[in-house]
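Here is a quick tour of the structure below, meant for reading with the model open on your screen.

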Amino acid sequence: MKTSPQHSARVPFWLRWLLPVLLVLTWLAIAGVGGPTFGRLDEVSSNDQASFLPASAEATAAQDWQAKFRDSNEVPAVIVIENAEKFTPAQLGEAAALKAELEGLGLGSAVIGPIPSEDGMAVQFIAPIDSSGEVKEAVKELRDTVAEAAPDGMQTFVTGPAGLAADLTSAFAGIDGILLLVALGAVFVILLIVYRSLLLPIAVLLTSVFALCAAILLVFGMAKLGWIQLNGQSQGILSILVIGAATDYALLYVARFREALTHTRNRTEAVLTAWKTSVEPIVASGATVIIALLCLLFSDLNSNKGLGPVAAAGILCSLFAALTLLPALMALLGRAAFWPFRPKLVPEDQREPKLVTGLERQKGIWRATGSLVSRRPRTVWIASVLLLLVASTGILQLKANGVPQTDVILTASNAVDGQDALARHFDAGSGSPAVVVADENKADAVLAEVKAADGVGDAYLLAAGSVPITGAPGTPGDPDVREGKVLINATLNYAADSIEAEDVVKALRADLKTVDASALVGGVTATALDTNTTAQRDLVIIIPVVLVVILFILMLLLRSVLAPVLLVLSVVLSYGAAMGVSALVFNNLLGFPGADATVPLFGFVFLVALGVDYNIFLMSRVREESLKHGTRPGILRGLGVTGGVITSAGVVLAATFAALGIIPIMFLVQLAFIVAFGVLLDTVLVRSLLVPALAYDIGPRIWWPSKLGRPELDSAAQRADEPELEAEGAGLR
């Protein structure tokens with residue numbers, strides 16, 4: 001839009017002041033309500049792995065039956081007291097006296113124990129905790145009581161499902177504050193470097209924070225109504241995703257706003273021009289990510305289904321904030337937002353130099369990049385592809401078949417240490433038995449089969465009056481029968497969260513079907529096994545759906561078939577390279593025992609959706625320039641104009657996701673590295689070299705089958721620029 005620097009159309013008061021002020025006040029109201037809600041997310045959040053399973057999982061069906069055998073919702077805490085030598089009779093007497101003290105805490109039903117170990121160097125108690133209360137606080141109370149009452153010189157641990165859940169909750173504690181502060185701090189520093197301005201970074205950060213407040217309000221409402229399941233992982237990802245995405249969209253809008261300010265003195269006119277030119281790529285980008293995230297609804301895992309709408313709500317709020325709040329702030333601030341380096345008005349005859357190469361007004365690294373792409377396009381894209389393929393070979397070393405729950409927490413954990421103590425002195429599966437649901441008429445045969453199974457230390461039929469969650473038998477008597485079913489508890493020789501225990505469960509399920517076709521095997525181990533199996537199945541189902549959806553959106557945006565196909569292939573290749581390098585880092589540098597089965601899926605959804613984001617920013621501008629100047633000059637112009645903006649956006653997004661690494665949960669640390677490294681790889685190599693070089697090599701055919709892909713039309717666009725090219729542009733060809 002060309003406007004004389006001396007004369008701009010008069011903008012009505014309502015558009016110049018009233019609308020921006022109303023928009024800012026509206027967002028302030030949203031933040032005022034959404035901000036305090038941030039601290040209430042724990043009310044609607046759960047980290048119980050069993051709640052993430054689909055109804056079709058065998059562990060879910062077993063859990064439903066198990067619930068019929070108990071009158072309360074309790075989770076067992078396993079208390080271990082360990083001595084360097086055998087307990088003396090006096091010390092055993094002190095341990096026995098502890099039982100009454102533990103029951104006096106009133107945390108749940110009767111405490112079982114003390115149970116001495118065979119080597120006489122440890123005793124254990126099993127204390128059921130009412131899960132309807134604060135399990136974390138109950139476990140802390142147990143730990144304090146046991147540590148104080150235990151004989152001098154002995155080590156005490158509270159582990160089992162309750163202890164591990166409490167320590168997992170503590171590990172997620174930083175999500176509410178520390179994570180957000182680190183992410184915002186990193187973004188602020190980057191924006192200061194990019195803009196060399198104080199007001200503009202603050203305006204962009206306000207946009208991101210207000211978008212997060214709106215997202216929190218939306219997510220809290222959905223969780224409160226029972227539409228979604230929220231957990232610590234999705235809560236942390238929501239914060240990071242909103243801050244990163246809102247900042248990225250803001251960077252694109254600000255770049256267009258700054259460009260518009262060089263064409264007019266009227267700040268409102270510049271705001272509207274920037275909005276018109278940035279709305280399509282921002283909406284297309286946001287829609288791509290939202291739809292890709294909603295593809296997680298096809299998952300069988302409830303945790304994945306919950307993350308899809310949670311993250312999509314965050315992107316939606318980021319989109320609205322970038323297209324409403326930020327333009328309102330820019331309308332009020334105008335050129336002052338860029339102080340002290342305010343954009344200067346460019347004379348009208350210097351705004352659109354019609355030179356064919358597209359390199360004329362570019363400087364520094366982007367001129368050099370454009371020159372390399374234009375001189376040796378085929379060499380550049382082939383070398384880039386080969387480099388990505390080599391990096392992708394590392395994916396063969398990725399061990400994404402789940403990890404023991406004791407390895408999930410990366411900081412010191414009393415529960416993890418307690419599991420080690422259990423393994424040293426007791427059947428490692430104590431307190432977390434495998435649960436078998438069998439037909440009443442086949443109970444004896446099923447019990448015999450369970451006892452004979454390799455890896456099972458002990459098994460018994462649940463008798464009336466027993467506590468079905470502890471793994472310890474109650475008073476001997478007739479089996480407890482509910483609706484024609486009985487319950488068998490099987491204590492395994494391996495830790496409940498180990499790979500060996502999962503192998504025992506697999507074998508049990510296969511063997512028991514020959515005795516009782518309706519038999520079900522559940523429990524902690526079975527839950528972890530079914531979660532991993534379902535996650536791996538989701539990977540095969542969701543990846544093709546996401547790719548098809550993204551391809552369709554790109555076709556609509558670019559009015560082309562070939563370009564979208566190549567863009568999707570480029571981000572898939574980039575994802576493979578990121579996962580390959582990540583596998584090498586996890587195995588050889590960080591020493592992780594493996595990865596959660598959902599890591600490849602989450603990495604794919606975020607990297608592919610966000611990687612396409614940057615290609616949308618680039619190729620939408622390339623198409624705009626190609627319509628004016630021809631495809632090859634348009635590629636170089638688009639690369640030069642968007643280069644700094646997209647690189648800054650990539651660095652911001654990588655920094656925000658890297659902030660997830662401060663939460664000591666293996667899944668989040670791995671996801672942080674995968675996305676941060678993958679985004680940088682996509683920004684620096686794929687978007688800057690591979691895509692432009694490939695498009696430049698193909699030429700106008702990249703837009704096939706649209707009219708823009710016709711060579712004769714492309715040549716006509718370039719010939720229109722040639723009269724002004726002769727002297728200046730010839731040397732750049």
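Before we start on the strands: two of them count as paired if DSSP finds at least two bridges between them. Keep in mind that this is a predicted model.

**The sheet E6-E7-E5-E8**

- Four strands make up an open sheet, in the order E6-E7-E5-E8, and their pairing is antiparallel.
- At the edges sit strand E6 (456-461) and strand E8 (520-523), each of which pairs on one side only.
- E6 is joined to strand E7 (residues 485-492) by 5 bridges, in the antiparallel sense.

- Helix H15 (residues 443-452) lies across strand E5 (434-439), E6 and E7, and it runs at about 165 degrees to E6.
- Helix H17 (residues 524-558) packs on the sheet too, touching E7 and E8, with its direction at about 100 degrees to that of E8.
- H17 has 35 residues, and its first and last C-alpha atoms are 49 Å apart, close to the 51 Å expected at 1.5 Å a residue.
- Where does H17 kink? The kink is centred on leucine 539 and comes to about 30 degrees.
- Just after H17 comes arginine 559, which takes a positive phi of about 50 degrees.

**The sheet E2-E3-E1-E4**

- Another open sheet has 4 strands in the order E2-E3-E1-E4, with antiparallel pairing.
- Its edge strands are strand E2 (112-116) and E4, and each of them pairs on one side only.
- The twist here averages 20 degrees from one strand to the next.
- E1 and E3 run antiparallel and are joined by 9 bridges.
- Along that pairing, isoleucine 79 stands opposite phenylalanine 125 in E3.
- H5 lies across E1, E3 and E4, at about 95 degrees to E1.

**Helix H14 and what covers it**

- The 12 residues of helix H14 (residues 414-425) should span 16 Å at 1.5 Å a residue, and the end C-alpha atoms are 17 Å apart, which agrees.
- Which residues of H14 are buried? They are Ala415, Val416, Gly418, Gln419, Ala421, Leu422 and His425.
- The cover over these buried residues includes strand E1 (74-82), strand E3 (122-130), helix H4 (135-149), strand E4 (155-159), helix H5 (160-171) and helix H13 (405-408).

**Aromatic rings**

- Searching the whole structure turns up 9 aromatic pairs.
- In one of them, tyrosine 253 and phenylalanine 257 have ring centres 6.3 Å apart and planes at 10 degrees; planes under 30 degrees apart count as stacked, so this pair is stacked.
- Tyrosine 253 and phenylalanine 257 are 4 residues apart in helix H8 (residues 232-261), so about one helical turn separates them.
- Buried or exposed? Tyrosine 253 and phenylalanine 257 are both buried.
- Phenylalanine 586 and phenylalanine 592 make a tilted pair, because their planes are at 45 degrees, with the ring centres 5.8 Å apart.
- Phenylalanine 586 counts as buried because its relative accessibility is 2%, and phenylalanine 592 counts as buried at 11%.
- Phe586 and Phe592 belong to one aromatic cluster together with Phe673 and Phe677.

Definitions and conventions
Residues numbered from 1 in each chain as written. Predicted model: local features only at pLDDT ≥ 70, side-chain atom pairs only at ≥ 80, totals over all residues. Heavy atoms only, no water. Helix = DSSP H or I, 4+ residues; strand = E, 2+ residues; numbered from the N terminus. Contact = heavy atoms within 4.5 Å. Axes fitted to C-alpha atoms, helices over the stretch in contact; angles between N-to-C directions. Expected span 1.5 Å × (residues − 1). Bend = angle between axes of the 7 residues up to and from the residue. Phe/Tyr/Trp six-rings, centres within 6.5 Å; stacked < 30°, edge-to-face > 60°. Buried < 20%, exposed > 50% of the residue type's maximum accessible area, 1.4 Å probe, protein only.
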